[in-house]
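Let's take a friendly walk through a protein model. Please have a look at the picture first, and then we will explore it step by step.

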Amino acid sequence: MENGRNGRSSQGGQSGRRGVPAGTDPATEAFVEHRNLLFTVAYEMLGSAADAEDVLQETWLRWAGVDLAEVREPRAYLVRITTRQALGRLRTLGRRRESYVGSWLPEPLLTAPDVAEDVELADSVSMAMLLVLETLAPTERAVFVLREVFDLEYGEIAEAVGKSPAAVRQIAHRARAHVAARRPRGAVSPAETRETLDAFRRATETGDLQGLLDVLAPDVVLLGDGGGIKQAVLRPIVGADKVARLLAAGFGRLTADRALQPAQVNGWPALVLRLDGELDTVLALRFEDGLVTGLYAVRNPEKLSRMGQETELCR
């Protein structure tokens with residue numbers, strides 16, 4: 001399938017093709033053309049940019065050995081290789097995360113405005129959605145991502161995951177129901193999001209407890225990820241009062257050397273805390289009905305390397 005049902009796959013190709021030097025061999029040209037797409041597939045399956053990059057390296061090694069004369073659609077073939085490599089790594093990561101210190105959160109990405117403009121893409125890479133995808137079995141996650149985000153046909157997905165098309169349909173139905181029961185429900189306009197974020201930022205910077213209570217949903221959840229390297233809450237903090245008091249104590253009355261700045265993270269408005277100019281915490285937020293319902297504070301320095309420059313994502 002060259003374009004998918006929504007016809008957006010060429011976005012990644014156009015971006016990649018501009019960076020291909022003249023005279024590049026066909027295998028390299030095809031890989032570079034679809035690289036952003038392949039990274040996005042791997043990242044949505046793994047929630048880790050570092051692991052997604054490793055998957056792309058493995059994909060390239062296998063792609064370089066393929067006889068291109070036998071490949072009808074390079075995009076579909078590359079997605080298939082990437083999916084298989086990501087599935088193998090996902091099973092390994094599942095065992096590794098069982099011993100992770102505290103809550104595990106996806107690796108945040110600094111993203112460009114065009115990601116936010118693609119509402120479906122932004123939703124699929126949001127911290128909230130990636131955490132929902134973590135609750136799926138590896139094959140369910142792969143099928144959901146390839147079908148719901150990238151619009152691949154069932155036959156293509158079947159080849160990628162090693163199942164029959166009929167089995168893939170059943171898996172897709174099960175995964176959709178699972179995700180629908182857990183994904184955020186309240187639609188939020190960009191203007192409403194900015195207004196809520198600004199109010200949250202002002203209250204957090206000044207330690208305004210009532211201001212925080214005004215923008216936090218009653219059942220708001222705060223998750224922290226320090227990876228055992230930086231101090232962070234080890235268990236979810238639930239409830240507006242508890243979360244507000246923790247934020248007021250932890251961030252309140254920021255000074256010149258402690259700046260809370262807005263950023264686009266995984267396609268959504270977020271805040272980053274810098275201490276003496278150094279990135280300390282990425283605070284991603286989930287919004288529903290004009291309130292903050294989820295807070296994801298990533299402090300593990302091993303997960304902050306992608307916040308130095310924008311990561312290109314595409315479908």
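The residues lining the largest cavity divide into 4 nonpolar, no polar and 2 charged; here Ala, Val, Leu, Ile, Met, Phe, Trp, Tyr, Cys and Pro count as nonpolar, Asp, Glu, Lys and Arg as charged, and the others, Gly among them, as polar. This is a predicted model, in which local features need pLDDT of at least 70 and side-chain atom pairs count only at pLDDT 80 or more, while totals for chains, interfaces and linings use all residues. Residues are numbered from 1 along each chain as its sequence is written, and side-chain values use heavy atoms, with hydrogens and water left out.

Which residues line the largest cavity? They are Ala76, Val79, Arg80, Leu152, Glu156 and Ala160. The helix α5 gives the most to this lining, with 3 residues. (Helices are DSSP runs of H or I with at least four residues, numbered from the N terminus.)

Now follow α5, residues 74–97, to its contact with α4, residues 49–63. The two helices pack at an angle of about 135 degrees, with their axes 9 Å apart; axes are lines fitted to C-alpha atoms over the stretch in contact, and angles run from 0 to 180 degrees between N-to-C directions. That angle makes α4 oblique to α5, because angles under 35 degrees count as roughly parallel, over 145 as roughly antiparallel, 65 to 115 as roughly perpendicular and the rest as oblique. By class, the contact of α4 with α5 has 8 nonpolar, 3 polar and 6 charged residues, where contact means heavy atoms within 4.5 Å. Among the residues that meet there are Asp51 and Trp63 in α4 and Tyr77 and Arg96 in α5.

Technical notes: On a 1 Å grid over the protein atoms alone, a cavity is a set of points where a 1.4 Å probe fits but cannot get out, and a pocket is an open set with protein on both sides within 12 Å along at least five of seven lines; lining residues have an atom within 4 Å of a point.
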